[in-house]
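Please consult the sequence and the structure below alongside the text.

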Amino acid sequence: MEKSTLKLPSVITIDGPVASGKSSVGLMLAKELGYLFLDTGIMYRAVAWAAINHKINIDDVEEVSILAQQIDIEIKPPTKSDGRINDVFVDKVDVTWKIREPEVNENVSQVSRYQYVRKALTEQQQEFGRRGKIVMVGRDTGTIVMPNADLKIFLEASVKERALRRYNEEVKRGKQSNLEDVIKNVEMRDKIDSTREIAPLIPAKDAVIINTDGKDISRVIDEILSVIRNFN
């Protein structure tokens, strides 16, 4: 893509449900544009992992919220070629794959419902956004974190397609997995994310909606680049 002749959106948000492809798409788009990539969902996973690791009851709103304000979350470019998108550290401990474990999958949506957890992490995310030249992905980046973003994308895909993607990811990493269980987990995550009172998963009113069923990453990127060309 010829960037020199285009006025590029400084802040691009990509939202969507679990396994809709937003992280992979966002990373490739950021590389294409030479932008910073930030997956905000990683930060909620880090809090969920930390709560489990500290043996804090996930239902204890106050303790989980205090923990979210206290722990040090670092997100860095990947240093290993094992499929990771970033290196993720919590209090200097590499938790890149730990935050993808089933127990975290089952509890991250619950953690993300807590007002003060969201407040603490949203403030950190907004600081990144204010620097510009960033592709930010998550569940509420276009509605809550960066409501004035220049370009907002919302990715959709069927439950079956998304569950199969997550299942294949787990199998590729050598994890024993059951597709039916993954489908149930995706459905549960969708219900929690879309019905929570604070920052529910919904497209921003001015978001461009792209369905990713049956599409590889390059095709989705082409669609987004077409939108960027029309941005000018």
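Two strands are taken to pair if DSSP finds at least two bridges between them. The model discussed here is predicted.

## Strand S6 and its partners

Strand S6 covers residues 134–138. Strand S1 (residues 11–15) is joined to S6 by 5 bridges, and the two run parallel. Within this pairing, Ile12 stands opposite Val135 of S6. Strand S2 (residues 36–39) also runs parallel to S6, to which 4 bridges join it. Here Asp39 is the residue that stands opposite Val137 in S6.

S6 is mostly covered, as 5 of its 5 residues are buried. In a regular strand, side chains alternate between the two faces of the sheet. In S6, Ile134, Met136 and Gly138 point one way, while Val135 and Val137 point the other way. The residues of both groups are buried.

## The antiparallel sheet

A set of 3 strands forms an open sheet in the order S3-S4-S5, with antiparallel pairing. Its edge strands are S3 (73–76) and S5, each of which pairs on one side only. Between S3 and S4 there are 4 bridges in the antiparallel sense. Ile73 stands opposite Val90 in S4.

## Loop residues with positive phi

Which residue in the loop between strand S4 (87–90) and strand S5 (93–94) deserves attention? The residue is Asp91, whose phi is positive at about 50° although Asp91 is not a glycine. Asp91 counts as partly exposed because its relative accessibility is 37%, a value between the limits of 20% and 50%.

Lys133 belongs to the loop between helix H5 (115–130) and S6. With a relative accessible area of 55%, Lys133 is exposed, whereas the residues of S6 are buried.

## Salt bridges

The structure holds 17 salt bridges. Side chains of opposite charge can pair when their charged atoms come close. One of the bridges links Arg130 with Glu127, their closest N and O atoms being 3.1 Å apart. Both residues lie in helix H5, 3 residues apart, or about one turn of the helix. Arg130 is exposed, with a relative accessible area of 59%, while Glu127 is partly exposed at 36% relative accessibility. Glu127 also meets Arg131 in a salt bridge of 4.0 Å, N to O. Arg131 is exposed, at 56% relative accessibility.

In helix H7 (residues 159–172), Arg165 and Glu161 are 4 residues apart and therefore separated by about one helical turn. These two residues form a salt bridge in which the closest N and O atoms are 3.2 Å apart. Glu161 is partly exposed, with a relative accessible area of 24%. Elsewhere, a network of salt bridges links Asp72, Glu74, Lys76 and Lys92.

## A negative surface patch

Asp59, Asp60, Glu62 and Glu63 gather on the surface in a patch of negative charge. Among them, Asp60 lies in the loop between helix H2 (41–53) and helix H3 (61–70). Asp60 is partly exposed, its relative accessible area being 31%.

Methods. Residues are numbered from 1 along each chain as its sequence is written. This is a predicted model: local features need pLDDT of at least 70, side-chain atom pairs count only at pLDDT 80 or more; totals for chains, interfaces and linings use all residues. Side-chain values use heavy atoms; hydrogens and water are left out. Patches are made of residues with over 30% relative accessible area and no salt bridge: like charges are joined within 9 Å, nonpolar side chains (Val, Leu, Ile, Met, Phe, Trp, Tyr) within 5 Å. Accessible areas come from the Shrake-Rupley method with a 1.4 Å probe; for residues, only the protein chains shown count as cover. A salt bridge is a side-chain nitrogen of Lys or Arg within 4 Å of a carboxyl oxygen of Asp or Glu. Lys and Arg count as positive and Asp and Glu as negative; His and the chain ends are not counted. The place of a charge is taken as NZ of Lys, CZ of Arg, CG of Asp or CD of Glu. Buried means under 20% relative accessible area, exposed over 50%, partly exposed in between (1.4 Å probe, protein chains only).
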